[in-house]
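Here are a few exercises to work through with the model open beside you. Try each task before reading its solution.

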Amino acid sequence: MLIQNHFSQEINTEMRDFERTLKTLYQQNPHRHLDQPQKMEEFSNILAKANAYCADKFTEKLLLHRLDEDIFFSQNADVEIYQHLRYLPAYWHSHSFIEIACVLQGNIINHIAKQELTMVPGDICIIAPGSVHAITAFSDDCILLNFIIRISTFEEAFFGILSENDILSDFFMRMLYQKDCQSYLLFRAGGDQEIANFIGYAWDEFHGHRQYKSRMLNSIINAFFILLLRNHGTDFVFPETVPNQESENTILILKYIQEHYNTLTLSELSSFFNYSERQIQRIIKHSTGMSFSQNIQKLKLRQAIRLMQNSNLSIAAISEQLGYSAPENFRHIFKKYYGMTPMEYRSAQTTTDIQNK
């Protein structure tokens with residue numbers, strides 16, 4: 001059987017020789033529980049036996065607990081796409097790059113962050129570097145594509161899209177890169193024709209041999225992220241570290257702050273979302289690492305930088321536009337944050353990106 005929808009380079013869903021070998025070993029060793037996450041040491045002899053029956057160079061890479069970029073990426077390539085091996089033992093592992101798991105067919109279980117995420121066709125999971133996880137795909141009909149992306153390429157594409165939405169960018173960065181957290185973002189994109197198309201475009205480009213392949217693939221991935229955030233930026237799933245209802249509202253709260261920060265007060269925000277001020281402060285602090293007032297100040301100062309760089313507005317006009325009661329207040333806060341006054345910043349005509357402070 002071939003998956004042809006959205007793909008000119010068809011994905012053959014028939015079991016590959018190595019997969020059939022893995023399936024046989026799984027059926028012969030029910031006591032080993034190969035579909036349950038375990039350390040690689042528990043599975044290494046199974047993989048070695050599978051490789052002896054049906055040689056596969058890929059298994060050598062799988063025996064490494066931490067999968068580094070230089071092992072999996074071709075020279076000068078920023079993106080690689082692998083079709084996940086069905087009946088591959090569900091071993092715990094992490095990697096130094098971004099992995100994006102895209103389910104095309106069947107159901108798989110992604111074990112991550114002490115959770116079992118059941119993924120169905122259309123689901124897309126972005127897994128952060130260093131996050132320990134395991135995949136259970138023990139059915140003939142499972143088709144899972146793993147997009148692996150260099151961290152630098154991912155940050156340029158994914159966070160570059162969010163550059164004008166500062167508070168959401170900070171939130172996504174925190175969700176994916178906060179220390180001591182098994183981080184992921186799960187997008188339920190089943191039925192999204194546009195997303196499916198771009199997965200197909202990426203697959204076709206990766207398996208083709210056309211000129212500018214690497215640059216074209218990067219552009220497709222960039223467009224894929226735009227659609228993912230545009231179509232599903234408010235309904236994704238992230239690690240369950242706060243109660244479900246608060247999780248559902250977090251993105252809406254952050255988007256509301258982003259859109260109304262010039263005049264928004266904590267009282268207005270808590271009233272709009274029917275939370276107490278204490279509750280909403282806790283949600284914001286947990287999501288961004290900063291208080292409500294710190295987020296508002298950061299958003300205003302980032303907008304001040306953009307206005308000074310891209311407009312001829314006076315400092316007084318910028319101060320008024322951002323909702324400061326007096327230019328002196330704006331000047332004091334700006335200098336405290338950036339180490340120079342607004343006028344000194346504008347006069348310096350520096351190219352240093354102090355927005356990233």
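A nonpolar core here is a set of buried Ala, Val, Leu, Ile, Met, Phe, Trp, Tyr and Cys residues joined through side-chain atoms within 4.5 Å. Buried means under 20% relative accessible area. Keep in mind that this is a predicted model.

**Exercise 1. The overall build**

Work out how many helices and strands the protein chain has, and what share of its residues is buried.

Solution. Start with the secondary structure: the chain has 15 helices and twelve strands. Next, burial: of the 357 residues, 52% are buried. Finally, look at contacts with a separation of 6 or more: 70% of them join residues 24 or more positions apart.

**Exercise 2. The cores**

Find the residues with the most contacts inside the largest nonpolar core, then say which element gives the most to this core.

Solution. The largest nonpolar core holds 59 residues, and the ones with the most contacts inside it are Ile124, Ile126, Phe158, Leu185, Phe225, Ile257 and Leu269. H8 is the top contributor to this core, giving eight residues. Now zoom in on Ile126: leaving out residues up to four places away in sequence, its contacts include Ile98, Ile100, Phe154, Phe158, Leu185, Phe225 and Leu228. Glu99 and Ser183 are also among the residues it touches. As background, nonpolar side chains tend to be buried together in soluble globular proteins.

**Exercise 3. A helix pair**

Describe how H7 and H8 are arranged: how do their axes cross, and is the crossing left-handed or right-handed?

Solution. Take the axes of H7 (residues 193-207) and H8 (residues 213-232): they come within 9 Å and cross at roughly 165°. Angles over 145 degrees count as roughly antiparallel, so H7 is roughly antiparallel to H8. The crossing is left-handed. For the contact itself, look at Ile195, Phe198, Ile199 and Phe206 among the H7 residues, and at Leu217, Ile220, Phe224 and Leu227 among those of H8. The contact's residues split into 14 nonpolar, two polar and three charged.

How values were computed:
Residues numbered from 1 in each chain as written. Predicted model: local features only at pLDDT ≥ 70, side-chain atom pairs only at ≥ 80, totals over all residues. Heavy atoms only, no water. Axes fitted to C-alpha atoms, helices over the stretch in contact; angles between N-to-C directions. Helix = DSSP H or I, 4+ residues; strand = E, 2+ residues; numbered from the N terminus. Parallel < 35°, antiparallel > 145°, perpendicular 65-115°, else oblique. Left-handed = near helix turned anticlockwise from the far one by under 90°. Contact = heavy atoms within 4.5 Å. Nonpolar A, V, L, I, M, F, W, Y, C, P; charged D, E, K, R; others polar. Buried < 20%, exposed > 50% of the residue type's maximum accessible area, 1.4 Å probe, protein only.
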